[in-house]
Amino acid sequence: MASQQQKIQHLFLRAAFGETPDVVKAHLNTPLSAIVEELFESSKGYKDMFYLPYPLNEKEERKGVGAVQIVKMILQSKKDSEELNLEWIFKMAYTPAQVREKMTFFWHNHFSTSVPFSYLMQMQNNMIRRNALGKFGDLLHAVAKDPAMIIYLNNQQNKKDHPNENFAREVMELFTLGEGHYTEHDIKEAARAFTGWSVNTKGQFEFHENDHDSGEKVFMNKKGNFNGDEIIDIILENKQTAVYLVTKIYREFVNDNVNSQRVKELADSFYQTGYDIGALMKQIFTSAWFYEDENIGCKIASPVELIVRYKKLLDLEFEKNKTVLDLQYVLGQVLFFPPNVAGWKGGSHWIDSSTILIRLSIPQYILTNAAMELQSKPAYEEAPLDGYHKKEIGKIKSDWSKLTNSFKNHSADELETVLLESFIQCDAGRIDRELVMRNTDNSTDDKKIISMVANIMSLPEFQLI
Amino acid sequence: MAYSRRSFIRNTAFASASLLVPDFLKAAANIYSPNRFNGKSLIVIQLSGGNDGLNCVVPYQNDLYYNARPNLGLKNEEIIPITDQTALNSNLKGLADLFNDGSLSIINSVGYPNPNRSHFRSMDIWQSASDEDKVVNTGWVGRYLDSTCSGECAKPHTAIELDNTLSLALKGDEMKGLAFRDPALLHLSSQNRMIRGTVSDYKEHHEHPTVEFLHKTLFDTTMSADYIYEHSKIYHSNKTYPQHEFGKQMKTIAELICSGSEIQIYYVSLSGFDTHVLQKGTHSRVLKVYADAMKALCDDLKANNRFNDTVIMTFSEFGRRVAQNASRGTDHGTANNVYIAGGKLAKAGMYNEMADLQNLDDGDLKYKIDFRQVYATLLKNWLNAPQEAILKQKFNTLDFI
């Protein structure tokens with residue numbers, strides 16, 4: 001049976017990115033529902049990411065950009081993506097608006113996008129954050145007009161004479177209804193409605209009337225001169241959209257194994273509230289079943305969740321900006337670079353022979369402040385010469401003082417039990433206690449705590465949240 | 001600390017097998033026993049970035065080629081003629097030698113319908129062997145593992161990738177290949193004391209399927225790491241390989257094959273082929289890296305009588321446009337050539353006719369052979385695997401092996 005402390009940790013790990021033992025301790029006597037309220041209250045406010053400025057100067061903007069400038073922008077964008085990535089990791093770890101950030105991360109994967117213009121990715125990220133806990137309809141309308149998304153799914157090429165169906169297909173298959181709930185004809189008609197939705201050189205949405213097909217369309221058995229916004233509204237009228245979204249959210253926030261009865265109930269109220277995302281999430285986190293044992297400690301933390309958890313616990317500092325990106329790369333999830341339009345698949349897909357070894361070795365690397373002897377695959381344009389293979393993941397500095405302070409007052413006897421309860425969410429009954437104590441540095445109390453925690457973090461069970 | 005009996009058993013659990021070993025560990029212990037390995041190795045070489053096939057296999061008698069590439073077209077001193085119509089880039093001397101030995105088959109115009117020009121997407125298509133408009137989250141080698149090696153004989157080292165991260169190509173639904181850059185480094189990382197401790201302490205099926213999955217993956221990985229490390233020490237090549245990462249990777253492959261390890265598929269990639277600007281110098285360098293290492297590998301295998309049991313396939317995610325661009329480079333194109341090397345090819349030489357420069361699709365080569373026909377051939381004729389189940393469609397096989 002999960003303890004009250006583990007239930008609180010469960011809430012923090014799923015609704016947020018986990019919390020430090022001190023924060024958990026401070027909430028031990030607070031009812032779970034009150035913690036949920038607190039989390040949502042502090043998620044009302046938010047700050048945009050504003051690291052990257054608009055990349056073109058006035059002259060370039062006036063004259064338009066040529067091939068050379070585009071190559072330059074792409075190269076600059078690559079450097080920028082490291083800054084942006086690190087900035088977001090910081091935000092995930094330290095923003096008070098934790099639920100909003102977690103949902104931003106979820107929608108980042110749902111609306112999987114990757115374009116080689118970091119400025120546009122930053123804009124999209126801010127747009128998602130603004131809408132992350134609001135009405136799904138507002139979010140979807142904004143996504144359809146989002147410059148990065150338009151470029152990613154080729155809607156610039158979607159013109160009256162030559163419709164490009166890419167966006168129309170994905171909006172139904174991946175963003176709202178799911179496969180099997182629309183016809184090929186629906187895709188063709190929807191594509192016509194999104195013709196002329198384009199992007200200007202300022203990186204803003206622009207409607208090109210001349211490219212737009214304003215003729216009559218038949219979409220989902222409805223007839224009219226629909227534009228893109230009206231198509232989206234018809235998709236939202238379809239309750240399947242609520243079922244599809246809730247199923248995905250349940251998988252991500254509750255359990256990979258879906259309970260269809262619960263999904264049905266949640267989808268009903270999600271639809272009734274007009275797709276109120278905040279209300280849906282609150283409903284999940286205040287349900288008694290959310291805290292049942294089968295739902296606790298059953299999910300494999302994604303690479304980003306794992307990194308942010310470490311960052312929060314140990315205030316990680318990365319030697320180079322690129323370090324945080326390389327770490328994500330070797331673990332299989334780089335922010336702003338999802339593998340394809342379907343996003344990261346998650347679950348057992350995070351784990352293979354390489355990633356399991358790396359995951360379990362991280363505590364040792366952090367503890368010894370060593371550079372990881374791993375390299376990420378070179379970029380496509382990188383030449384295999386010039387010793388690229390000498391690259392390694394930079395050093396990661398850590399501060400263990402928060403943890404040692406939290407566990408100072410425990411006797412040696414109870415320490416092991418206390419630490420396991422604080423860091424292992426799944427059933428720890430089968431973990432060999434001797435392993436937790438193996439080769440610990442007992443020279444000081446602090447060092448003992450540090451080496452025990454590092455041992456626990458090296459267990460496969462620590463990968464589960 | 002005294003050397004207790006318990007820790008003794010732990011430390012020798014791998015070597016002495018079945019004491020205290022739970023069921024799944026017993027199943028996995030078959031890792032050392034003969035299994036489905038059919039004695040034939042397949043090496044897949046991925047040229048990342050979009051290799052310019054037209055400047056590899058050169059139509060040196062064709063004016064259309066030189067007209068489209070006033071600066072980039074290869075001159076007489078830059079090519080090695082291999083037929084009356086075809087020459088290889090002189091940096092591909094290693095390949096020309098293989099060609100003249102009857103150990104190389106060049107397949108032209110390989111691609112797929114509605115080609116995608118994004119590196120990432122097109123590479124995904126090649127690795128997953130999916131249709132252009134479908135996203136598939138498993139790779140063709142991974143599905144090969146699923147189909148022929150699930151359950152009892154499951155072991156990650158049936159297919160390995162010489163890299164730190166595992167490519168989509170080697171990920172199946174149930175089974176995944178093993179990625180490592182260097183056997184010694186893999187050995188080292190699997191020697192982490194907590195990892196060894198966890199593996200030897202895991203005593204029984206865990207009720208929780210996800211915990212079980214993590215432990216099993218870890219166990220398989222450490223077993224395969226041991227296997228690879230042991231086999232990497234059996235045969236040391238004394239051949240000279242080019243001094244760069246790719247040369248080292250090819251040497252590792254040769255050593256593993258010649259040591260008799262039961263690795264069915266080797267996967268390795270070489271990057272640097274995205275030559276948009278001032279192509280000639282860069283392209284020459286990477287081609288030489290590729291061909292010299294290929295030649296060294298093939299010579300090594302021949303000297304050890306393993307070349308007849310090896311097939312090496314080389315591909316790239318797309319070719320490049322026929323015409324050069326304004327920066328004396330080439331942009332992303334479509335169909336491309338694929339190279340098949342091996343000691344026992346059924347059809348060596350030029351497999352089919354050269355790319356047609358007359359009938360282009362908006363400046364791009366048209367594909368004539370679906371890349372999945374190449375995969376189907378390798379699966380069926382070389383690996384004895386059910387190609388239709390793995391590729392999820394039936395493709396007509398070719399007859400190069």
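A salt bridge is a side-chain nitrogen of Lys or Arg within 4 Å of a carboxyl oxygen of Asp or Glu. The views below come from a predicted model, in which local features need pLDDT of at least 70, side-chain atom pairs count only at pLDDT 80 or more, and totals for chains, interfaces and linings use all residues. Residues are numbered from 1 along each chain as its sequence is written, chains are lettered from A in the order in which they are written, and side-chain values use heavy atoms, with hydrogens and water left out.

**View 1. Salt bridge between A:K322 and A:D326 in helix α17 of chain A.** The N to O distance is 2.8 Å. The two residues are four apart in α17 (residues 321–331), and are therefore separated by about one helical turn. Helices are DSSP runs of H or I with at least four residues and strands are runs of E with at least two, numbered from the N terminus. A:D326 is buried at 10% relative accessible area, whereas A:K322 is partly exposed at 28%. Buried means under 20% relative accessible area, exposed over 50%, and partly exposed in between (1.4 Å probe, protein chains only).

**View 2. Salt bridge between A:D229 and A:K145.** The side chains meet at 2.8 Å, N to O. A:D229 lies in helix α12 (residues 228–237) and A:K145 in the loop between α8 (136–144) and α9 (147–152), 84 residues apart. A:K145 is partly exposed, at 26%.

**View 3. Salt bridge between B:D364 and B:R117.** Here the N to O distance is 2.5 Å. The pair is 247 residues apart: B:D364 sits in the loop between β11 (349–350) and β12 (369–370), B:R117 in the loop between β5 (104–111) and α5. B:D364 is buried, with 1% relative accessibility, and B:R117 is partly exposed, with 36%.

**View 4. Helix α16 of chain A, residues 303–314.** Its twelve residues should span 16 Å at 1.5 Å a residue, and the end C-alpha atoms are 16 Å apart, which agrees. The expected span is 1.5 Å times one less than the number of residues. Twelve of its twelve residues are buried, including A:E305, A:R309 and A:K312. A:D315, which follows the helix, has a positive phi, near 45 degrees.

**View 5. Contact between chain B and chain A.** With contact taken as heavy atoms within 4.5 Å, 58 residues of chain B and 50 residues of chain A take part. B:R193, B:M194 and B:L214 are among the residues on the chain B side. Zero salt bridges are found across this interface.

Conventions
Buried area = accessible area lost by both parts, 1.4 Å probe.
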